[in-house]
Amino acid sequence: MKVLKTKQFNPENVLAIYGNLDGEAYIEKHNVDSNGNVLSGRPLNVRELRKLGEALAKQTKKEGIHFAGLVPKNVVIYKSDDVGLTLGWVVKAGKSPMFFTKDLNIPDGVANHPDMLFLISDTDNLNVFWLKEPDVSIDTTLYVAPYHNVADNGSVCLGTVVRKFTGSVEELMNLYETAFFNSKFSHANATICSVIKFNLNDYWRERVNTDKSFSDSDFIESNVTIDSLIDE
């Protein structure tokens, strides 16, 4: 932060954010008189909210990471500071491509996946978890994502993927989703093997190019919590 010693700034307006127990909120603009007293306020109108959003977007863009437009609804964790970036988002359940090294004897193809939480930190480290439902809160249980190249704490080895940061949050999310599902799954991490109750090779061999869904036994609770991800 720069300290401006040659200029004097006086308060003119105060923005107050009001909220309720339902998570609803609105912003009021209060004028400040010459004595520094905060006067009665009024809700910001659409034009003022748009200008505020544009100003915040410009500042965020200057700092190296920005949203291309409105914050995507599937973004559930976002923290950007001098230490780095933490970004978490939900990838909805559906079919995605899967590629495997030849030694695993698993055919390439597409397979069903449950809802997933993707989390990146410092635009360099990726963690993935399975979810039983797409609505994420502070109390949401995270489940081990039983994939090759993934550890039981969700850490992903992206050795065959070239990662390039493009500056937009949306581009970054798409980059990592594509990187994860388009990299070659090559090895079963030892920590995954110690917690899952099935053979990982057989598991995906039975699911690739089929419509096979998931049962409760496929979801193994992770030791990682939403709280710990936010505090990283």
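These are my notebook entries on one chain, read from a predicted model.

**Entry 1: overview**

I started with the whole chain. I counted 5 helices and 10 strands. The chain has 232 residues, and 36% of them count as buried. Next I looked up how far apart in sequence the contact partners lie. Among contacts between residues at least 6 apart, 58% join residues at least 24 apart.

**Entry 2: the second largest pocket**

I turned to the second largest pocket and noted a volume of about 160 Å³. Which residues line this pocket? I listed Asn-13, Leu-15, Lys-29, Leu-44, Arg-47, Glu-48, Lys-51 and Leu-52. Then I sorted the lining by class: 3 residues are nonpolar, 1 is polar and 4 are charged. I also checked which elements contribute. Both β1 (13–19) and α1 (46–62) supply at least two lining residues each. The largest share is from α1, with 4 residues.

**Entry 3: Asn-149**

I found Asn-149 in the loop between β9 (125–130) and α2 (169–182). Is Asn-149 buried or exposed? I put it down as buried, because its relative accessibility is 6%, and the cut-off for buried is under 20%. I then asked what Asn-149 touches beyond four places in sequence. My list has Ser-155, Val-156, Cys-157, Lys-184, Phe-185, Ser-186 and His-187. I looked at two of these partners further. A polar atom of the Asn-149 side chain lies 3.1 Å from the backbone oxygen of Lys-184. Phe-185 is 36 residues from Asn-149 along the chain, yet their C-alpha atoms are separated by 6.0 Å.

**Entry 4: helix α2**

**Entry 5: Ser-222**

My last stop was Ser-222, in the loop between α4 (200–205) and α5 (226–231). Why does Ser-222 count as buried? Its relative accessibility is 8%, and buried means under 20%. I followed its side chain to the backbone nitrogen of Val-224, at 3.0 Å. Leaving aside neighbours within four places in sequence, I listed the contacts of Ser-222 as Phe-129, Leu-142, Tyr-143, Val-144 and Asp-152.

How values were computed
Residues numbered from 1 in each chain as written. Predicted model: local features only at pLDDT ≥ 70, side-chain atom pairs only at ≥ 80, totals over all residues. Heavy atoms only, no water. 1 Å grid on protein atoms, 1.4 Å probe; cavity = no way out; pocket = protein on both sides within 12 Å on 5 of 7 lines; lining within 4 Å. Points joined across faces, edges and corners; volume = space filled by probe spheres on them. Nonpolar A, V, L, I, M, F, W, Y, C, P; charged D, E, K, R; others polar. Buried < 20%, exposed > 50% of the residue type's maximum accessible area, 1.4 Å probe, protein only. Contact = heavy atoms within 4.5 Å. Polar contact = N/O pair within 3.5 Å; in protein donor to acceptor, adjacent residues only side chain to side chain.
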